[in-house]
Structure formats: C-alpha cells, structure tokens
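Work through the exercises below with the structure open beside you. Try each task before reading its solution.

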Amino acid sequence: MDIIGQLNNEKQLGSKSKRSHSIHKIHENDRILIFTKRNNNLEFIAYTKVDKTYQDSKELYDYYISRKKLKLKGMKYFIEPLQTLDIGKELDFVKNKNAISGSFTSEYREIDKKDFLRIIKRCGKDNLTNELPEYLEEVNMFKDEFIISTANSMNNVFQSFRNKKPINYKKVITVLEKVLKEEYGIEQGSEELLELLSKSEMSKFIEIPQNIELQSKDDGSKLEENEISNADSSEDMSIKSEYPAPEEQSKTFKLVRQEETHYWIHRTLLSVFNQIKDEKLIAARSPKATNINKIRKNDKILFVAKPGNTLEFIASSRIEGIDITKDLLYNDYYQSEKKLMLDEISYFEKHLTTLEVGKKLDFVKDKNNVAGSFKSEYKEISKKDYDTILNEMTLTSEYPLHLEKIHIPLKSIILHSIKVLHNILKNYTSKNLIEIKRFVSLLKEMLKGYKIHKTYDELLDFYSKNVHEIELKHVPSRDPDKFVPLYTASGTKRNFTFIKIE
C-alpha cells in the first residue's frame, strides 16, 4: 500500500522483476487498471494511461527494479474500491470462475477492451476522482518514528493547555504507554519509551530528572480547570558483540583443515529483508550472478539497506548452509538457483549509515564517494573491515524499532486521535463539556504530531461524517452558530454543539 502514495506523487511504474516480459509489451497510450491487496482482499482502485516508456537502471520506489519504466499521464481513482471477487465472474479472461484470485497473480496481464470497459462501467464513470481517496491514504512510518509522533501529538495538546511549560515525564510515559497499547496494539515498556523520547525533540518538552527510577503509575495530577477555558477557542491553532559460531572442520582429500571464513556485505531492499528475517534465506537478483558462487558455508555476512533515504548497516548473520533450487524468492526478487541459508540474525541496535563508517574501511578507496563502494549486491571485505563495522554498533536479537515499518490508514489515525484527545480531556481537566468546534481545533493541532496537515474544515467534515464509528456522547444547544451536523451510519443527521467529556 505504501507504493500507492509514491505512485500518486511520481506517476511512474516499473516491474519488480528484471526478467519481466510483460512490461515490454506495454506501449505509449496503453491503459492500465491498477489493483492492490487491502484487508486480505484484491481490489481495483484506479486506472491510468501510459504517457511514454523509457529505460532507466535506477530502482523506483525502492521496489521496481526493471530497466523499463512507464511514465503515466495521470491517475483516475475509484471513489469506492471494486473487489476482484465481485466482478471476476463477469470477465472473459477469468477462466476459472471458482478460483478468481488465480487470474490475478501476474504483475502485469493483458486483457481485452471489453473486460476493461466492464470494470470501468461497474465502478461508474461518476465515481472517479483525480485525488487520492480516503481509503487509500495511509500513515507509513517506522515504529520508533510512530511512537515519537504519537508522543508529539499528545504533547501538542498538553502544551496548548500549559503555555509551553514542560510536562512531568511520568505523565507523558504513562499516557503514551496506554495509548500505544490500547489504540494501536503496540506494547512498549516505560524504560524503552523514556529512552526513545529523551533522544528525540520531545526531550525539550518533558521534565526528565537525572538518575530517575521510572514508575508505571501517573502522579494523578490534573491540569488546572481554567487551562482549557483560557485558551483562545477562536484561534486556528497550529499545535557486540559478534556472536561466535564454531568453525566447522571439513575433510578434503583425507586431510582435516580449518575452513577459512570469508566476509561479505549484501545489499538488499528493506521490504525484502523483512521477509529474509522470517525465512532465513537469501539469493542473488540475477540468475547469472557470479559473486554469490564464491560464498561458502560459515562465511559471515553484513546486510545493508535503505530504511529511509540513506544506506545503512542493518544486520549481521552467518551462512549456515547452501541449497540449489530453481524456486524464486520474495515475489521473484531473488532469481539465482544458489540459495544461502542463514543462521540466527543479529540486528544493529541503532542507525549506522555507510557514510558514517565508510571512511574507516579499507575497501572504500574513494573516501569522497563512499556510496560508490556499496553498489554491488554482494561484496567481499576483509576481516579487519568486518570487525571495524561491528565495533561501531551493538547487536541485538530483537528486531529494532527503527527497521519495523507500520502502515495505518489515515482514517484510523484520525479516529484514534479523537478517542485519545477525548481521554486526555476527561482525565486531565475538570470540564464536563467542550464545544465540538473547539475540540476539532485541538484535534488539528494534535494531528500535526503525525505530520498530518488537514485544514480545520476538512477535519470538521471528517468528524461530522465519521464520529458515529466511536462512542462519544454529544449535547445539542439552541445557538445555531455553534451547530455541527453529525451523521449516523445510515446517513441521517442531527445538529449538536458539545461533546461530553465527563
């Protein structure tokens, strides 16, 4: 799903396989229907037209690796997605009507004009939009960034009450720990949360005494009763060790000798590495790759990938065994027959970019162009360089927060934030009611913690149409200037003014 956001911005497509034949059949002015998997369902979400084709060896979205790329004229999104199961039986190219999903396994598949128009007609020409629809909007972050963003979002509310005064760390950690667990299913201990926040920009907003001992309970203090009422409601607020593996002895020509260990760096995609950590299996992208044939059992290997925009060392492992199969791995990403089976993987605890350590490495010949030494998929290095890299960072058996990416629909983030804001008001103020319009102003400020910059009118409209999905109590009034229409699930609406926060 995170590819959709990049596709929406860049208007370019490629293939996730270098050997893809289907993409070479696509030409200028061809139409493409786009489907994706959401909530375990395959759904048509958009169609587009090819503006031109071009050749470029650069990876696209850290996902598409084919040289041939497609430049698109624009995107037409379906306001409501169309499940392939709902339309599949009407399509000629779906031969087995009892196994519709089997006709949607190819990355690119040519269909006739009749089937194309059937899908467009089923979605409805009036149900098309140039804007990315709400159901496709997502918040994509690494888990450490998301935790800090959640803390920032709550802090934005606290600070609006407290006129930028620092908040006691116990209150922040207690509320954050509860919110992450109850709203997002993220269980993170108070010690880890405090360490994470103390190294972020949040440190300037929370009081963290030296040599503290964390307690799990809040100090129970509430904000002053007038802290909300004093806020200007009319303001539009812009709130190591290396794990040793025993060297295996082998017999060669009846002589027993110690196998020499070789050391390697393997460059991959983070999305692929997330599958590697589960399967403990790697290969080469090209079926004709040569360097992989030099790798032997018990060799040590370091992994580099781009969690963000910078290449980083992310993990270390040992080659436990070798296998030869024709199976392709990880959505055809690895295509060589030789497969490398990994021992347990140890992860770099924190960010370590290749630029940070590159100038200390012997194999990096041009110190002014460190990146040039990390272009190879597999590169052999010396034990000295291997040890230099490992000495820069502590290894851990736990998958680190800065590598774990989470994808949450934007709608869910806003609804969760409404619930969290309501709970903050309930637990840290003495007010029983708050105007809906004032509440939405606070929500606007809160969402900036996630870098979500919705306008006040957009959020008020969202609240009106979606608040029925969560349990909040509302109170009407006789002042028409303060009315906010709230919709039920059936689409009926009624005017309200206040939210109960008791």
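This model is predicted.

**Exercise 1.** Decide whether F374 is buried or exposed.

*Solution.* Start with the cut-off: buried means under 20% relative accessible area. F374 has 2% relative accessibility, so F374 counts as buried.

**Exercise 2.** Classify the ring pair of F313 and F374, and say which parts of the chain it ties together.

*Solution.* Step one: check the partner. F313 is buried too, with a relative accessible area of 0%.
Step two: take the geometry. The ring centres of F313 and F374 are 5.9 Å apart and the planes stand at 80°. Planes over 60 degrees apart count as edge-to-face, so this pair is edge-to-face.
F313 lies in strand β14, and F374 in the loop between α9 and β17. The pair therefore ties together parts 61 residues apart in sequence.

**Exercise 3.** Explain why β13 is largely enclosed, and sort its side chains by direction.

*Solution.* Of the 6 residues of β13, 6 are buried, so the strand is largely enclosed by the rest of the structure. In a regular strand, side chains alternate between the two faces of the sheet. Here K300, L302 and V304 point one way. I301, F303 and A305 point the other way.

Definitions and conventions:
Residues numbered from 1 in each chain as written. Predicted model: local features only at pLDDT ≥ 70, side-chain atom pairs only at ≥ 80, totals over all residues. Heavy atoms only, no water. Buried < 20%, exposed > 50% of the residue type's maximum accessible area, 1.4 Å probe, protein only. Helix = DSSP H or I, 4+ residues; strand = E, 2+ residues; numbered from the N terminus. Phe/Tyr/Trp six-rings, centres within 6.5 Å; stacked < 30°, edge-to-face > 60°.
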